[in-house]
Amino acid sequence: MNTEFKNLDQLLKLSGKSSDFKKTVISLGKQEVSIFYYSTLIDAKWMQQHLILVMQNRSLDSEIREIEDIKTWIPINDIEITDEVTNIQSKLLKGYAIIQLRENDQKCALVNLADNHGLRENNDTENEFSVVGPKIGFVEDLDTNIGLLRALLNIPNLIIKEIHIGTTSKTKVAIIYIDGVTNEQNIQIVEQRLTDIDYDVVFDSSLLDQMISDNSLTPFPLFVSTERRDRVAYSLTSGQVAVIADGSPYIITGPSTLYDFFISAEDYYLPWILGSFFRMIRIFGVVFSMFATSMYVAITTYHYEVIPKDLLSPLIVSRMNVPFPPFFEVLFLEITIEFLREAGARLPTKIGQTLGIVGGIVIGQAAVEAALTSNVLLILVALSALASFTTPIYKMSNAIRFLRFPIILLSAIWGGIGIFIGVAFLFVHVIRLKSLGSPYIVPIFPLRIMELRDSFIRSSFQFLNKRPQRLRPKSLVKYVPKKTVKQKNVFDEE
């Protein structure tokens, strides 16, 4: 992934592909000195006051004859003179500026202008919280977000392309990818779709998500929207493209698959056995959330014979005084849960939490005592609502919440057959979906057996050394896993 450079010119040429890599030429009398730097990594005020202005003032009295004279000109302690490309690359990506005295000079001065202020202020993840792993998230400032990414992906191959979208807002939008890894076709598709947008004001990356989507007539999100820096870094190193708008703390990545929305960052911070277990719990929770209440409607309306005898009696007793058919009973509770969820989300955090807990208990108990619903259904709806929260990505959680209602309606009309009809329509729909031209439910369709290692389960890292083939990356191998050699314990020899 990381390119080895033979000379400084190659490094500057690759870095020049990125929009945040800048070149400033300052005139010092008869001389012209070139300064190269990443604008997202340096302190612009510090550079202006302690580098450019100082050099311009000193040039009135003397001139720079050799690059070593820079140390006597600039009042900054951390200055290094070197011609080692590896060292220059490393320092450049840490917020140093390159000062080149003459064009094509291989020896240059590295001046520390790194800006570390503000990169860790009020940018903890809120909606994608994890117990294990980093808590760093993005903020509303585009340059800060790019700086956060560059601090983690310390490679010159990380390319930033900036464009302006919005006839009125002129919002700055960045396309982010890794040169030599990401497929050029995916980059071109994203760039073309973004430049084709004719909209007045772009407020957030979520608007771009919908505008560049392959299919706007679907409840499923076709791009992963995340606020986690580590998740975006993993997507980029896998070969995906990221898009972020200025003023938005969320980055969208694609091409995405259905399974990407059930992957949590913690899956990779825990041992693979635990990571796989929790991922399967999430997938089971989504399936349960979608079909639990519709199965209740179908069974209690049409298929009493499938209920075990020991469970049939408690179920009949719980519904004895309920005057409504199961469909209206379920609909009442499901809408009540949605009311509580929406109210809790719109209110301040502490009030919202109190409303959700107290409101759920009070309304649930009152509904049972008023014979508006049964105890069994109340438990089922509560578990279904709880299971829907296991989805790591909020947009997919919303899609699951919506899909429950048409399936409940189908189960009320045709029972179990209605559920199968709903599942069939859903399956056909997701088969036809694409994200940047890539199938939405790969590796199931088309079948990619090797990529099943990181779909329903998360395999050991020694089997995850290749990037997904569906992304058609330029470089397929991530790393070469080393074979573990069993070490003999010294105490065993005694």
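Guide: This is a predicted model, where local features need pLDDT of at least 70, side-chain atom pairs count only at pLDDT 80 or more, and totals for chains, interfaces and linings use all residues. Residues are numbered from 1 along each chain as its sequence is written, and side-chain values use heavy atoms, with hydrogens and water left out.

Visitor: What volume does the second largest pocket have?
Guide: On a 1 Å grid over the protein atoms alone, a pocket is an open set of points with protein on both sides within 12 Å along at least five of seven lines. Its volume is the space filled by probe spheres set on the points, which are joined across faces, edges and corners. For the second largest pocket that comes to about 930 Å³.

Visitor: Which element gives the largest share of the lining of the second largest pocket?
Guide: Lining residues have an atom within 4 Å of a point, and this pocket has 40 of them, with Tyr-234, Ser-238, Tyr-268, Asp-454 and Pro-468 nearest its centre. Helices here are DSSP runs (H or I, at least four residues), numbered from the N terminus. The largest share, seven residues, comes from H8.

Visitor: How many charged residues line the largest cavity?
Guide: A cavity is a set of points where a 1.4 Å probe fits but cannot get out, and the largest cavity holds about 30 Å³ of space. Its lining includes Val-190, Phe-223 and Leu-436, while strand E10 (251-254) gives the most, with three residues. Asp, Glu, Lys and Arg count as charged, Ala, Val, Leu, Ile, Met, Phe, Trp, Tyr, Cys and Pro as nonpolar, and the others, Gly among them, as polar. The lining has seven nonpolar and two polar residues, and the charged count is no residues.

Visitor: Which residues of H4 are buried?
Guide: Buried means under 20% relative accessible area (1.4 Å probe, protein chains only). By that cut-off, six of the eight residues of helix H4 (85-92) are buried. Their cover includes helix H1 (8-15) and strands (E, at least two residues) such as E1 (21-28) and E5 (108-112). The buried ones are Val-85, Asn-87, Ile-88, Gln-89, Lys-91 and Leu-92.

Visitor: And what share of the protein's residues is buried?
Guide: The protein has 17 helices and twelve strands. Of its 494 residues, the buried share is 49%.

Notes: Buried means under 20% relative accessible area, exposed over 50%, partly exposed in between (1.4 Å probe, protein chains only). Contact means heavy atoms within 4.5 Å.
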